[in-house]
Amino acid sequence: MANRSVITLLIFSLVLSNGLLSMAMGLHSHREETEKEEEVREGVDWFLLQKSKQIMKTDAGDMRVVKGYGGVGGVSDRPMHIGFIRMEPKSLFVPQYVDTSLILFVRQGEAKVGNIYRDDLVERSLKMGDIYRIPAGSVFYLINTAEGQRLHVICSIDTTESIGIGLFQSFFIGGGKYPSSVLSGFEPETLRTAFNVSGAELKEIMTRQEEGPIIYTTDTHPQSMWTNFLEQKSEDKLQNLRRIFEFQQEPYAAEKEKTWSWRKLLNSVLGEEDNSITHKAPDSYNIYKRKADFKNNYGWSVALDEHDYKPLKHSGIGFYLVNLTAGSMMAPHINPTATEYGIVLRGTGTIQIVFPNGTTAMNTEVRAGDVFWVPRYFPFCQIASREGPFEFFGFTTSARRNRPQFLVGGNSVLHTLRSPELAAAFGVSEKRLRSILDAQKESVILPSVTVAPPGEDVGDMAMKF
C-alpha cells in the first residue's frame, strides 16, 4: 500500500509538472488559461519582455539583449530577440560575424556599417530612421561617425540559423587579448604560414587589442591597433596592410578578384577607398522618409515587407512603425500571418492582449524602452495615454505582406460579416447590431474616448463583462 501511495504521488507530481510546463509554453487548456489569467491579474505580464542580458560593455559602448519567446510551444512561429547597441562618439564595434541575422534600426545618431556582400566589402552610411540587414555569417563592423553624439541602434536578432550557444554567438575577426580573435585558436606556425609573416609580426597583431569589442578610434583614448593605423600616413597604412593581412601575394591576383581579403576589409575601416570595386549591394532604407500606409487625424502607421525592401525577403522579417496622438488607439485587431515584437520609442501607452478564450492576457502600461510581443492570431490593441503622442516600432516574423484583420472600426471584419448570422451570434437584432457597428465612423486608428473622466487613462476604462 505504501509503495502504491508513493507511485501515485510520483505520477501526480509528473502530471502537475507537465501541466505547469505546458502553461508556460502556451499549450494550455481552458483551466490553465484561467490560471494564467489570474497570474496576469496578480502582476505577471507574460507578453511584456522584461528579461534582458548585458552581452558586452566597454568604456566606448555596450550591448544588451532582450530575450524573446521564439518558438515556444508553437505560440511564436520564429525565434527572435531584440538587441540594443549604444556607442560613444568615434567608436568602433570591431569586425565580427554572428550566427544570427540582424536587422539594424538607427534610433539616434549616425553610423557607417561595413559588411561582406558576395565576396566584396560594402559600406553604407546610416542615419536616424535607417534600416539595414546583416545576414548570419557575414563579417561586419559598425562605426559611430557622429561628432559628440552617441549612437543608439535597435536590432532584431533572428536565431533561425543559430548554433544555440547563448542568445547569439559572436565570432570576432579583429581582436587580441580582449576580445579574442577566432584566429587565435590556430597554432602559431599555421598563422605564420598563412599570413606569411614572422612570429614577432604575428604577435603584434594578435595580442595588442585589449579594450573590448567596442573601442575608441581617436587619439584621446588608450592606443590600440586601430588608432595606431589611423595615425600613419596613407602609404604606410597600405604597406602594413599588405604585409600583414594579405594571405597570398602575386601571382594570385586573379584569385584575389574573386575573394575578399583583409586589405579590403581594413582599408574601409581605416578610411581608404578601393575605387576598383563595383557592386550592386542592397542599400539602407529610411523608414521616416516613407509615406504612411495609413494616416488620419489620430495617427499614422507604416509597414515594410519584402516588396518594399528586398533584403527583408531573405530574412523573413517585416518592420513597422506607428505613431498615435494623445488618447487615440490602434483598433483591436489580429495578425493572421506573423508574431509581432514591439519597442516603445517615446511616450506612454497601454497594450491590451486577449487570450483565445476571450480573457485578458495583458493590460499593461508601457513607456520608452519597453519591449512587448504579441503571438500570431492573438487579438490586441495599443492605446496612447492622454499625456502625449505614443510612438512604437517593431519587427514581425514574416516578410510577406501582412494584412491585419481589424475587429472594430469602419473597416472591421464585423462590417464585412454583417448578416443575420452575426446578429444571432451576438443575440441581438440586425437593426440593433447595425446601429452599434455604424456608431464608429473611423478606421484603423480611432479617436480618444472623450467621455473618459478627467485624470483617468483610456487604458484603465476596460469594461468588465
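A disulfide is a pair of cysteine sulfur atoms within 2.5 Å. By that criterion the structure holds zero disulfides. This is a predicted model, in which local features need pLDDT of at least 70 and side-chain atom pairs count only at pLDDT 80 or more, while totals for chains, interfaces and linings use all residues. Residues are numbered from 1 along each chain as its sequence is written, and side-chain values use heavy atoms, with hydrogens and water left out.

**Overall make-up**

The protein chain has twelve helices and 26 strands; helices (H or I, at least four residues) and strands (E, at least two) are DSSP runs, numbered from the N terminus. Of its 465 residues, 49% count as buried. Buried means under 20% relative accessible area, exposed over 50%, and partly exposed in between (1.4 Å probe, protein chains only). A contact means heavy atoms within 4.5 Å. Among contacts between residues at least 6 apart in sequence, 72% join residues at least 24 apart.

C155 counts as buried because its relative accessibility is 0%. C381 is also buried, with a relative accessible area of 6%.

**Strand pairing**

Two strands pair if DSSP finds at least two bridges between them. Seven strands form an open sheet with antiparallel pairing, in the order β2-β3-β4-β11-β6-β9-β14. Its edge strands, β2 (52-58) and β14 (285-286), each pair on one side only. Strand β9 (residues 130-134) is joined to β14 by two bridges, and the two run antiparallel. Here D130 stands opposite N286 in β14.

Strand β22 (residues 371-374) pairs with β1 and with β19. The table lists the strand pairs described in this section.

| Strand pair | Bridges | Sense | Opposite residues |
|---|---|---|---|
| β9 and β14 | two | antiparallel | D130 and N286 |
| β1 (residues 48-49) and β22 | two | antiparallel | L49 and V371 |
| β19 (residues 340-346) and β22 | four | antiparallel | E340 and V374 |

In a regular strand the side chains alternate between the two faces of the sheet. Both faces of β22 are covered: V371 and W373 are buried on one side, and F372 and V374 are buried on the other.

**Backbone features in loops**

Most residues other than glycine have a negative phi, and most peptide bonds are trans. A cis peptide bond joins Y178 and P179, with omega about -5°. P179 lies in the loop between β12 (170-172) and α3 (188-195).

K90 has a positive phi, near 55°. K90 is in the loop between β4 (80-87) and β5 (91-98), and at 29% relative accessibility this residue counts as partly exposed. Y377 also has a positive phi, near 80°, and its place is in the loop between β22 and β23 (380-384).

**The second largest pocket**

On a 1 Å grid over the protein atoms alone, a pocket is an open set of points with protein on both sides within 12 Å along at least five of seven lines, and lining residues have an atom within 4 Å of a point. The second largest pocket has a volume of about 590 Å³, where volume is the space filled by probe spheres set on the points. Of the 28 residues that line this pocket, S301, V302, A303, N402 and P404 are the closest to its centre. Strands β16 (299-304), β17 (318-324), β18 (329-334) and β24 (390-396) each supply at least two lining residues. By class, the lining has twelve nonpolar, eight polar and eight charged residues. Ala, Val, Leu, Ile, Met, Phe, Trp, Tyr, Cys and Pro count as nonpolar, Asp, Glu, Lys and Arg as charged, and the others, Gly among them, as polar.

Note on methods
1 Å grid on protein atoms, 1.4 Å probe; cavity = no way out; pocket = protein on both sides within 12 Å on 5 of 7 lines; lining within 4 Å.
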